[in-house]
Amino acid sequence: VCVISGAWQYEVVIGTAGIQQVGWATPTCPFNNEEGVGDFPDSYAYDGKRVRKWNVSCHPYGQPWMAGDVIGCCFDVDAS
């Protein structure tokens, strides 16, 4: 889905308490087996295993997640 305006949200059910990064990215992010959402300047992510938010570098944020948790990921394109 290409998002150019409005407010958007999706939810995921965490299947494992392992390392995962959930977030948003532009279509031009060069994902590979080692780098993904949050690892590039035009992407943002949260990892509940490491309890960090990511945008190239990481910072402490949030609470740890567990298998079965429902994580909501929101983005308001029009907010300044």
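Colleague: Which residues form one aromatic cluster?

Modeller: This is a predicted model, in which local features need pLDDT of at least 70 and side-chain atom pairs count only at pLDDT 80 or more, whereas totals for chains, interfaces and linings use all residues. Residues are numbered from 1 along each chain as its sequence is written, and side-chain values use heavy atoms, without hydrogens and water. Rings of Phe, Tyr and Trp (its six-membered ring) pair if their centres lie within 6.5 Å; planes under 30 degrees apart are stacked, over 60 edge-to-face, and the rest tilted. One aromatic cluster is formed by Tyr10, Trp24 and Phe75.

Colleague: How many residues apart in sequence are the parts that tyrosine 10 and tryptophan 24 tie together?

Modeller: The structure holds five aromatic pairs. Among them, tyrosine 10 and tryptophan 24 are edge-to-face, at 5.2 Å centre to centre with 70° between the planes. Tyrosine 10 lies in strand 1 (residues 7-13) and tryptophan 24 in strand 2, so the separation of the parts they tie together is 14 residues. Strands are DSSP runs of E, at least two residues, numbered from the N terminus.

Colleague: Are tyrosine 46 and tryptophan 65 buried or exposed?

Modeller: Their ring centres are 5.5 Å apart and their planes at 90°, so this pair is edge-to-face. Buried means under 20% relative accessible area, exposed over 50%, and partly exposed in between (1.4 Å probe, protein chains only). By that criterion, both tyrosine 46 and tryptophan 65 are buried.

Colleague: Which residues make up the largest nonpolar core?

Modeller: Such a core is a set of buried Ala, Val, Leu, Ile, Met, Phe, Trp, Tyr and Cys residues joined through side-chain atoms within 4.5 Å. The largest has six residues: Ile14, Val22, Tyr46, Val51, Trp65 and Ile71.

Methods. Helix = DSSP H or I, 4+ residues; strand = E, 2+ residues; numbered from the N terminus.
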